[in-house]
Amino acid sequence: MRKTKKYLPFISVSQENTLANKTGSWRVQKPILQRGISPCQKNCLSGQDIPSFVGALREENLEKAYRIIARTNPFPALTGRVCPHPCENECNRKCLDQALAINSLERFVGDWALKNLSEKFPKITKKEKVAIIGSGPAGLSCAYFLRKLGYRLTIFESSAEIGGTPALSIPEFRLPKEILQKEIEKKILVPGIELKTKIKVDRTIFDCLAAYFDLIFAAVGLSKTKKSGIEGEDVYGIFSGLDFLKEVKLGKKVQLGKKVIVIGGGNTAVDAARTAKKLGGESAIFYRRTKTEMPALKDEIAEAEREGIKIQELTNPVKFIARNGKIALIECQKMKLGKEDETGRKIPIPIEGSNFFVEADNIILAIGEEKDLSFLPEDWESQEKIFIGGDAANRAGTVAAAIKSGRENAEMMNNYLSSSSHRSNLSNRAAQPDGSLRIIKFEDVDPVYFKRQLRVEKFGEVAPENLARAEAKRCFSCGLCELCHKCFEFCPDAAIVKKAEKVEINYDYCKGCGICVRECPTKSIVFEQEISKFQDIEGENQNG
């Protein structure tokens, strides 16, 4: 027969639940929820909140995705086709497998919005009138954001068609005409925005505008063709890159010979070479640096080569030679690369005695354009009612950057009209998080929660929604809480509180163990050091 003890040992029993033990008093470091800056957003030319719009797309909330994009960029169907997308170059995902196809996702959301959403604009509530000179991306962006704030606007455009370079010079195969037209129809051709085309603003017209309008935004872009300084550049048969593309885009018949040489390495050069090839000629690109240094989109360069366009590197024209009044020969010189300049690109250096001749029926010079502000008064910089944006202010260079410039000028103009402060006191506010917040690098992200998966490449001009959603799911959401609730699952003190669209930390019970910080896959929880009670007591004893 088993013997049992008559008396059990003393056992202490708590009459309360664990909520009585506020372990937060043990804490010396405090986890806090903080929005970090993802490298894609830091490098976005228009300042978009990329992780948030991709997150909304992943949740199948396409309208939310578009509304997030439209806060900073009202023309995603445009930029989704022509932006050089430096955001992808810095994407953390590329360290695991391949960068996220951000540009394609932006285009997908933009196209969806054109088909499924309407734009709502408020009533005109502001008495001030604003004139915008130029209808390129900067001018249209400024008009959109000012109209959203209730202003009445008038846009003056020298051409018969609005849209600037995207409308007149970006080829159809890169930017279908109907896409840009739809974006402009929905967001610019609205009550409260008046368009006046075929009006080239000169000094006289500008003085009239200054007398009638309260503010003027000049967004004329780079409207003046830059001279090359090469002997013989005025010979018949030589075109400027943008003028050539404009003639073709407007449907005018451009007579080209069989052999066309394009001088330059930017997007205009590649677009011109591809356009000339499609018109039936044989085209080649001469560039004074190597293909690696070409500023054109890498995808466009690759596409040009697939189409049979040869790129002759380290070649610089020094003279254009005519025969019977028309271009016939180019004298070129071989180059070598030297040290890097202030832009980080290597300086091309001529090689003595390396000159050679190339036959050509036409030359297209795509070496850049320059601004023409001759219509402004000499003292325009001291006049508070004049704002300059886009390429004319040396603040663009790309469609996306011009859109950002237009938005920021709209903000500054609204601030100016809403207060008596001098314009010099206005801040040029960026649309991204405070730069003091840390940038989330790949070593910060925990890839254990992400399987290796190559990016979706076959988006095409029309992308199925399932492909876009699959690509969006690859996003790390760097620095942005995506409500995965890993912190809630791993917290040993039940200090994480789940709510509808966020999580909170109950610091009464958080003892600062750091498990949530380590397990957060997006690194949106970081530590903040706290002074412990023991340090406080020690400091008091030393002072006493």
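**Strand pairs and helix packing**

Modeller: In strand 10, phenylalanine 286 has glutamine 312 as its bridge partner. This is a predicted model, where local features need pLDDT of at least 70, side-chain atom pairs need pLDDT 80 or more, and totals for chains, interfaces and linings use all residues. Residues are numbered from 1 along each chain as its sequence is written, and side-chain values use heavy atoms, without hydrogens and water.

Biologist: How many bridges join strand 9 to strand 10, and what makes two strands a pair?

Modeller: Three bridges join strand 9 (residues 282–286) to strand 10. Two strands pair if DSSP finds at least two bridges between them, so strands 9 and 10 count as a pair. Strands themselves are DSSP runs of E with at least two residues, and helices are runs of H or I with at least four, numbered from the N terminus.

Biologist: Good! Why is helix 2 called roughly antiparallel to helix 3?

Modeller: Helix 2 (residues 50–58) and helix 3 (residues 62–70) pack at about 170°, with axes 7 Å apart. Angles run from 0 to 180 degrees between N-to-C directions of axes fitted to C-alpha atoms over the stretch in contact, and over 145 counts as roughly antiparallel, so helix 2 is roughly antiparallel to helix 3.

Biologist: And what puts the buried residues of helix 13 on the same side?

Modeller: Glu300, Ile301 and Ala304 are the buried residues of helix 13 (residues 298–306), buried being under 20% relative accessible area and exposed over 50%, with a 1.4 Å probe and protein chains only. They cover an arc of only 105° around the axis, so they share one side of helix 13; the arc is taken from directions from the helix axis to the C-beta atoms. On the other side, Asp299 and Arg306 are exposed.

How values were computed
Angles under 35 degrees count as roughly parallel, over 145 as roughly antiparallel, 65 to 115 as roughly perpendicular and the rest as oblique.
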